[in-house]
Amino acid sequence: MSAGGDLIEKTAERHLREPWDELGLAGDRAFAYQRAGATFGIWIFIASEVLFFGALFLLYTAMRLEHAADFAIAARETNIVYGTLNTALLLTSGLCAAIASQASEQKGLQRLTLWCLGATVLLGLAFMAVKGVEYREDIEKHLLPGASFALKEPTTQLFFGFYWLATSIHAIHLSIGIALVVRLIWKEWREPGFLFESPQVEVAMLYWGFVDMIWIVLYPMLYLDGRAG
Amino acid sequence: MSERSRTSIGRIWRRGLIVWVLLLAFLALSLFAAYAAPASWAAPINFGIAATQAALVALLLMRLDRADALVRLAAACGLFWLAILFALTLTDTLSRLANS
């Protein structure tokens, strides 16, 4: 895998999307506009996702204000080892994603970009694997809200309702992120040099960073509450 | 690999690794605070640390620090509407709790 000089020279032609030519701009300038548009677009999307998750976090906040003692009892039942390990995995994947994004913007760093994308996917998959093991343990401990729920305090079921909802929605987002990064790797394999200056790398990596941020907020909600004392 | 590429790689990694070490240090700190801090202080400390970590990711890994004004405005709008969502709902919830 390498990007020859001709590939690098044709960056604008490779990434530009129709109908750029109707703007009557030179290729490089049109590409710069499209790149800025892609970044702006993903940030608009992230802002809307902030509100989506924000509603969930607000639900947690309101329920915790009313049932603080029961929420502390419930949070003590989550596995802090898995939670902390997964946080470290996601933070590390965020580093790889950021490196991939920055490396893709520079000549001669396609190999680094590809390696970092690969590491991002592997760390994302490792997160999913740990989460799967944790889910199995949670089910075995009867922490799924319902008739056979393990804890006797009634509002602990509210906590675990939130736990399953928030972690599964986060896992869906992470799966989409993994699919996006795998697609980028596949595109590079099919068309060597694709990753260089591709706005798609930055967009996918910004999405990955957002998914990271959501977990950063979920971690104290689900794993750290009720441990003191 | 050219000398210039090596310099670029060094610069990209150095910056990224500093942020990563900071994020992991904050993770360790929040884990410690969850067990060691007084119960009433644990939640504010841990959510404060989470907010700091999220800000580090947004500014230094997602590069809001070098983004243009329009992108920063989009990010700020998300936080602004989130603040309205929380403020209006919690005004109601907290006032009910205070008077119950």
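Ile185(A) is partly exposed, because 17 other C-beta atoms lie within 10 Å. The scale behind that word places C-beta atoms from the backbone and counts the others within 10 Å of a residue's own: 20 or more means buried, 12 or fewer exposed, and anything in between partly exposed. The model is predicted: local features need pLDDT of at least 70, side-chain atom pairs count only at pLDDT 80 or more, and totals for chains, interfaces and linings use all residues. Residues are numbered from 1 along each chain as its sequence is written, while chains are lettered from A and ligands numbered from 1 in the order in which they are written.

**Exercise 1.** Find the helix that holds Ile185(A), then list the residues that Ile185(A) touches beyond four places away in sequence.

*Solution.* 
- Step 1: Ile185(A) belongs to helix H7 of chain A. Helices here are DSSP runs of H or I with at least four residues, strands are runs of E with at least two, and both are numbered from the N terminus.
- Step 2: Leaving out residues up to four places away in sequence, Ile185(A) touches Leu114(A), Leu117(A) and Gly118(A). Touching, or contact, requires C-beta atoms, placed from the backbone, within 7 Å.

**Exercise 2.** Describe helix H6 of chain A: what is its span, and which elements do its buried residues pack against?

*Solution.* 
- Step 1: H6(A) covers residues 110-140, which makes 31 residues, and runs 45 Å from first C-alpha to last, close to the expected 45 Å. The expected span is 1.5 Å times one less than the number of residues.
- Step 2: Its buried residues include Leu114(A), Leu117(A), Gly124(A), Phe127(A) and Asp138(A).
- Step 3: The buried residues of H6(A) pack against H5, H7 (156-190) and H8 of chain A, together with H1 of chain B.
- Step 4: Just past the helix, His142(A) has a positive phi of about 60°.

**Exercise 3.** Is chain B spread out or compact when set against the globule rule?

*Solution.* 
- Step 1: Chain B has three helices and zero strands, in the order α-α-α along the sequence.
- Step 2: Its radius of gyration is 19 Å, well over the 13 Å the globule rule gives for 100 residues, so chain B is more spread out than a compact globule. The radius is taken over C-alpha atoms, and the rule is 2.2 Å times the number of residues to the power 0.38.
- Step 3: Along the principal axes, the C-alpha trace of chain B spans about 70 × 40 × 10 Å.
- Step 4: Of the 100 residues of chain B, 26% count as buried.

**Exercise 4.** Which helices do the buried residues of H2(B) pack against, and where is Arg63(B) placed?

*Solution.* 
- Step 1: H2(B), residues 39-61, has 23 residues and reaches 32 Å, close to the expected 33 Å.
- Step 2: Buried residues of H2(B) include Ile45(B), Asn46(B), Gln53(B) and Leu61(B).
- Step 3: The buried residues of H2(B) pack against H5 and H8 of chain A, and H1 (3-36) and H3 (69-99) of chain B.
- Step 4: Arg63(B) lies in the loop between H2 and H3 of chain B; its phi is positive, near 60°, though it is not glycine.
- Step 5: Arg63(B) is partly exposed, because 18 C-beta neighbours lie inside 10 Å.

How values were computed:
Contact = placed C-beta atoms within 7 Å.
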